[in-house]
Amino acid sequence: MNGIRRLFSEPIQRPENPIKLVLLLNARHWLVFLAAFLGWTLDAMDYHAFNLAVGNMAKDFAVANSVITNGITLALLLRPVGALIFGLLGDRYGRRGPLMVDIFLFSFLEAMTGFSGNLAVLFFLRCLFGICLGGEWGLGAALALEELPVEARGLFAGLLQQGYATGNLLASGLSAIILPKYGWRALFWICSFPAVLILFIRFFVPESPAIQAQIEKRENKKVSFLSDITASIKKHWILFVYCVVLMTGFNFFSHGSQDLYPTFIGSLGYSDAQKSVTNAISATGAICGGTIIGFFGQYLGRRRAMILSILGAAAMIYPWAYSTNLSTLQVSGFFMQFFVQGAWGVIPAHLNELSPPSLRATFPGLTYNLGNMISAASATIESSLGERYPTVKNGVTIPNYAITQALLMGIVTCCLVVIVAVGDEKKGRDLTVAEEPEDATASNSIDAITASTFTEAKVEGPQA
């Protein structure tokens with residue numbers, strides 16, 4: 001209950017001038033932030049390119065859209081594997097090297113997807129892509145947020161998360177140009193260009209001082225990496241479970257409102273170009289929302305900002321799913337993603353502040369991507385149910401994607417408000433130090449459950 005009390009009792013701060021916050025960043029800050037932002041943007045672009053080409057691939061392979069959306073599900077299912085592998089590498093050796101390897105691999109796999117000759121090859125490549133997709137976010141977020149000034153964290157965390165929406169916007173633009181003329185294979189080949197980002201990171205981006213401090217701490221204390229992370233896991237396992245539940249809700253929130261929407265627009269009879277424009281408008285709303293709500297989350301509090309955004313998204317469900325013309329669908333799509341990604345704009349700062357220092361490349365990325373794995377079937381659920389219970393529009397039978405999307409989003413928004421409210425936050429935590437404060441466990445209402453449980457067990461001893 002401590003988390004709920006703090007949700008209402010913590011004071012609201014007066015917002016700073018955003019321009020003043022931007023001016024706090026020096027050249028080193030900008031280089032690190034740009035690397036993290038571009039990595040996430042280009043990773044998301046490659047992911048959304050597949051979503052936008054679902055209908056085209058379904059026609060090429062002569063299968064239903066729901067069969068192709070299994071590729072989305074497979075990629076999401078494998079993301080935790082990448083988060084674990086690359087996160088541990090990032091916590092052991094540093095952020096830069098694993099990040100460069102990850103970017104190269106997902107770019108290569110994107111190109112190879114364009115050569116898929118059958119569904120088995122296509123799905124196998126999407127599984128491998130999902131591993132690389134899961135590795136990028138945790139590394140990039142840790143690299144950027146450990147470096148940036150605390151005062152600017154809310155604003156730039158919101159901007160960083162909107163690399164996802166920016167990638168969606170890039171994919172929409174490229175698909176509008178490439179799909180009608182050159183087909184889906186050419187789209188994947190062209191979307192493999194992120195590999196050039198490796199050169200920028202290699203020559204211009206410095207390593208995080210926080211991970212250097214962690215490595216020095218282990219050396220000074222003569223503690224192995226395995227012992228260090230094992231101690232952190234034992235201390236924070238309930239916090240880890242809570243964050244997985246939180247990110248499950250958030251991933252249903254984003255994927256349930258994004259992945260099938262282009263296909264939904266296409267099912268209403270609109271062209272590939274109109275579908276891409278609608279998607280681009282929604283992505284623009286996401287960029288605006290993530291940046292604005294992320295900024296105000298620094299002053300309202302992380303959880304308050306998330307809850308207000310979730311309620312805003314809930315209010316948009318009906319017009320977003322049931323509008324009768326393209327213009328209204330586009331406007332409601334803009335505001336739906338404004339609120340969805342507005343809530344997401346708080347997440348990078350929130351998870352990194354909750355994370356134990358010794359696991360900051362692993363903990364946020366792994367909890368995020370385990371949530372992704374659990375919510376992986378959202379597009380397949382929506383598309384399968386929509387096809388199973390079709391509706392009639394202008395005398396033509398079409399899948400009823402509207403009701404399946406609306407029902408999923410209604411359930412998710414109700415659950416998310418409760419999950420966020422019962423949690424905790426550590427807004428403004430210093431991310432540059434290698435050690436946790438002595439009262440770190442006691443100050444966190446989630447971890448306090450673990451602490452009190454073990455304390456009582458030690459005092460009372462075994463019961464007869």
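How many aromatic pairs does the structure hold? The structure holds 25 of them, where rings of Phe, Tyr and Trp (its six-membered ring) pair if their centres lie within 6.5 Å. Planes under 30 degrees apart count as stacked, over 60 as edge-to-face and the rest as tilted.

Before we go on, a word about what you are looking at. This is a predicted model, in which local features need pLDDT of at least 70 and side-chain atom pairs count only at pLDDT 80 or more, while totals for chains, interfaces and linings use all residues. Residues are numbered from 1 along each chain as its sequence is written, and side-chain values use heavy atoms, with hydrogens and water left out.

Trp-30 and Phe-156 sit edge-to-face, 5.5 Å centre to centre with 80° between the planes. This pair links distant parts of the chain, since Trp-30 belongs to helix 3 (residues 27-52) and Phe-156 to helix 9 (residues 153-161), 126 residues apart. Helices here are DSSP runs (H or I, at least four residues), numbered from the N terminus. Are the two partners buried or exposed? Buried means under 20% relative accessible area, exposed over 50%, and partly exposed in between (1.4 Å probe, protein chains only). Trp-30 has 36% relative accessibility, so it counts as partly exposed. Phe-156 has a relative accessible area of 1%, so it is buried.

A second pair is made by Phe-240 and Phe-363, with ring centres 5.8 Å apart and planes at 70°, so it is edge-to-face as well. Phe-240 lies in helix 13 and Phe-363 in helix 19 (residues 363-374), so the pair ties together parts that are 123 residues apart in sequence. Phe-240 counts as partly exposed because its relative accessibility is 25%, and Phe-363 is buried because its relative accessible area is 5%. Aromatic rings also gather in a group: Trp-40, Trp-137, Tyr-164, Phe-250, Phe-253, Trp-344 and Tyr-368 form one aromatic cluster.

Now follow helix 13 to one of its packing partners. Two packed helices are described by the angle between their axes and the distance between the axes. Helix 13 (residues 225-258) and helix 18 (residues 347-354) pack at about 170°, with their axes 11 Å apart. Axes are lines fitted to C-alpha atoms, for helices over the stretch in contact, and angles run from 0 to 180 degrees between N-to-C directions. The two helices are therefore roughly antiparallel to each other; angles under 35 degrees count as roughly parallel, over 145 as roughly antiparallel, 65 to 115 as roughly perpendicular and the rest as oblique.

Which residues make the contact? From helix 13 come Leu-239, Cys-243, Leu-246, Met-247 and Phe-250, and from helix 18 come Ile-347, His-350, Leu-351 and Leu-354. Contact means heavy atoms within 4.5 Å. By class, this contact has eight nonpolar residues, one polar and no charged ones. In this scheme Ala, Val, Leu, Ile, Met, Phe, Trp, Tyr, Cys and Pro count as nonpolar, Asp, Glu, Lys and Arg as charged, and the others, Gly among them, as polar.

Phe-250 turns up again when we visit Ala-343, whose place is in helix 17 (residues 326-344). Ala-343 has 0% relative accessibility, so it counts as buried. Not counting residues up to four places away in sequence, Ala-343 touches Phe-250, Phe-253, Ile-293, Met-306, Ser-309 and Ile-310.

Loops are worth a stop too. Ser-116 lies in the loop between helix 7 (96-113) and helix 8 (119-145), yet Ser-116 is buried because its relative accessible area is 0%. Its side chain reaches the backbone oxygen of Thr-113 at 2.8 Å. Leaving aside neighbours within four places in sequence, Ser-116 is in contact with Phe-61, Val-121, Leu-122, Leu-125, Trp-184 and Arg-185.

Phe-61 is one of the buried residues of helix 4, along with Val-54, Asn-56, Met-57 and Ala-58. After helix 4 comes Ala-62, in the loop between helix 4 (54-61) and helix 5 (65-68). Most residues other than glycine have a negative phi. Ala-62 has a positive phi of about 60° although it is not a glycine, and it counts as exposed because its relative accessibility is 71%. Lys-222 has a positive phi of about 55° and is not a glycine either. Lys-222 lies in the loop between helix 12 (209-221) and helix 13, and at 75% relative accessibility Lys-222 counts as exposed.

Terms used. A polar contact is a pair of N or O atoms within 3.5 Å; within protein, one must be able to donate a hydrogen and the other to accept it, and residues adjacent in sequence count only if both atoms are side-chain atoms.
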